[in-house]
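This briefing is meant for a reader who is meeting the structure for the first time.

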Amino acid sequence: MPAFRPTALLLAVTAAIAVALPLYAASNLKGREAPDFVLKSLGGENIRLSEFRGQVVMINFWASWAGPSRMEMPRLEKIAATYQSSGFVLLGVNMDDTEASATNFANAYGITYPLLLDLRKEVVREYAVETVPVTVLVDRGGSVRFVHKDYRVGAEQTYVSEIRALLKE
Amino acid sequence: MSKTSRSILAALLLAVAFAGAAWPQDPAAAEPQAATSETPNADAATGGDAAAGSATAAPEEFRTLDSDVQDLKKEVLDLNKDLFVLEEELLFPSNTQVAVYVSLDVGTFFNVDSVTLKIDNKEVANYLYTAREAEALVKGGVHKIYLGNLKVGQHELVAFFSGKGPHERDYKRGATLNFEKGVGAKYLELKISDRVRKLQPEFIIKEWE
């Protein structure tokens, strides 16, 4: 029997971690059922993702301290207002540590779509959010269809075309 | 061996050889001949019947296939149920099982928002109720908030209820129960009811036998 080699074992473990780590990223949720969650909104209402089954849902993970979120959210507000009546729901999951910072941001930027507080970061962990913002599009059947990391100017055009495609299904 | 006996043996062998060659022709070879000779007429005569037969056989076949698929589906469902029961039994054996339910009676003075559950000073459940779920509770629904395992002996259960109380005020109350976990499953109910005389909600933890 060959002697036990710690180096080989270490290499195998490292390789396994290297393979497993990318699998844990949010983009790997694509095609899978969106993990369900229930969070309190800034308005005080509890919102559960699975209750929107049958509608196209966009989940936007954001933080008041993230520059791209400040650019993206007013644009998302417009998209939400346009497609709301067609069966589209936009949920913003806040990653700040305090409710006050999220409230101040929402008031300053005039955000009206539901902003949910994930103070325990449970949903953030569940969706393996690595950067801010992350935008996840869930179809009518509850499956994750598109995942976008970060925000670049003009990305809202991609969002719109994806939303329209999902609404047509 | 003499010449005579050799010739007799040769004759016997020849006879056996002829008989062997002739034998299979009788039952098997004769039939195909007859069949082949009859084929043109038989085709002409039975062609329509065969077509009609296959037309009736096809839906029958589909029906059988459909019933097979239905049977298979039923078997899968049964298997799934058995697996679920097995899983429940393995993960939460009845000897150590503790289940906690939440119910709401009337709900005029309390609109439930969340319930936090602590057993032996350890948080085991924290559930946020959406408007739909709260409505379901008002309509008589019972929610299983916790299912777990506990050792036999004394335990303490603390439940914190938060929501909107009378006059839409934020309301937070706690209820405690010390209970004895014996052998066998334990069922507890967190009951929210209205105390009409005081116009206040009431929080009770009830033990089920």
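In chain B, the loop between β2 (111-119) and β3 (122-128) holds B:Asn121. The model is a predicted one, and in it B:Asn121 has a positive phi of about 65° although it is not a glycine. Most residues other than glycine have a negative phi, and most peptide bonds are trans. B:Asn121 counts as exposed because 7 other C-beta atoms lie within 10 Å, where 12 or fewer is the cut-off for that class.

**Chain B: overall layout**

- The secondary structure of chain B comprises three helices and eight strands, and from the N terminus on its elements follow the order α-α-β-β-β-α-β-β-β-β-β.
- Of the 209 residues in chain B, buried residues make up 12%.
- Among the contacts in chain B with a separation of 6 or more, 66% are accounted for by residues 24 or more positions apart.

**Chain B: a residue in strand β7**

- B:Glu189 belongs to strand β7 of chain B, which covers residues 186-195, and it is partly exposed because 15 other C-beta atoms lie within 10 Å.
- Leaving aside residues up to four places away in sequence, B:Glu189 touches B:Tyr101, B:Ser103, B:Lys206 and B:Trp208.
- B:Ser103 stands 86 residues from B:Glu189 in sequence, while the two are 7.1 Å apart in space, taken from C-alpha to C-alpha.

**Chain A: overall layout**

- Five helices and seven strands make up the secondary structure of chain A, and read along the sequence they give the pattern α-β-β-β-α-β-α-β-α-β-β-α.
- Chain A has 169 residues, of which 29% count as buried.
- For contacts in chain A with a separation of 6 or more, residues 24 or more positions apart account for 72%.

**The nonpolar cores**

- The largest nonpolar core has 36 residues, and those that touch the most other members are A:Val57, A:Ile59, A:Phe61, A:Leu91, A:Val93, A:Val136 and A:Val138.
- At least two residues of this core are supplied by each of β3 (56-62), α2 (67-83), β4 (88-94), α3 (99-109), β5 (115-117), β6 (134-138) and α5 (155-168) of chain A, and the largest share, six residues, comes from β3(A).
- Not counting residues up to four places away in sequence, A:Val57 touches A:Leu49, A:Phe52, A:Val89, A:Leu91 and A:Val138.
- Another core lies apart from this one and has 21 residues, among them B:Val98, B:Val102, B:Leu104 and B:Phe110.

**Strands β3 and β4 of chain A**

- β3(A) and β4(A) run parallel and are joined by seven bridges; the bridge partner of A:Met58 in β4(A) is A:Leu90.
- β4(A) is mostly covered, since six of its seven residues are buried.

**Helix α2 of chain A**

- The 17 residues of α2(A) should span 24 Å at 1.5 Å a residue, and because the end C-alpha atoms are 25 Å apart, the two values agree.
- α2(A) has a kink of about 30° at A:Met73, shortly before the proline A:Pro74.
- Its buried residues are A:Ser69, A:Glu72, A:Met73, A:Leu76, A:Ala80 and A:Tyr83, and the buried residues of α2(A) pack against β3, β4, α3 and α5 of chain A.

**The loop between α4 and β6 of chain A**

- A:Pro133 is found in the loop between α4 (122-126) and β6 of chain A, and a cis peptide bond with an omega of about -5° joins A:Val132 and A:Pro133.
- A:Ala128 also lies in the loop between α4 and β6 of chain A, and its phi is near 50°, a positive value in a residue other than glycine.
- A:Ala128 counts as partly exposed because it has 17 C-beta neighbours inside 10 Å.

**Where the two chains meet**

- Six residues from chain B and seven residues from chain A take part in the contact.
- Sorted by class, the side of chain B that touches chain A consists of three nonpolar, one polar and two charged residues.

Key:
Residues numbered from 1 in each chain as written. Chains lettered and ligands numbered in written order. Predicted model: local features only at pLDDT ≥ 70, side-chain atom pairs only at ≥ 80, totals over all residues. Core = buried A, V, L, I, M, F, W, Y, C linked by C-beta atoms within 7 Å. Buried ≥ 20, exposed ≤ 12 C-beta atoms within 10 Å, placed from the backbone. Helix = DSSP H or I, 4+ residues; strand = E, 2+ residues; numbered from the N terminus. Contact = placed C-beta atoms within 7 Å. Nonpolar A, V, L, I, M, F, W, Y, C, P; charged D, E, K, R; others polar. Expected span 1.5 Å × (residues − 1). Bend = angle between axes of the 7 residues up to and from the residue. Pairing = 2+ DSSP bridges.
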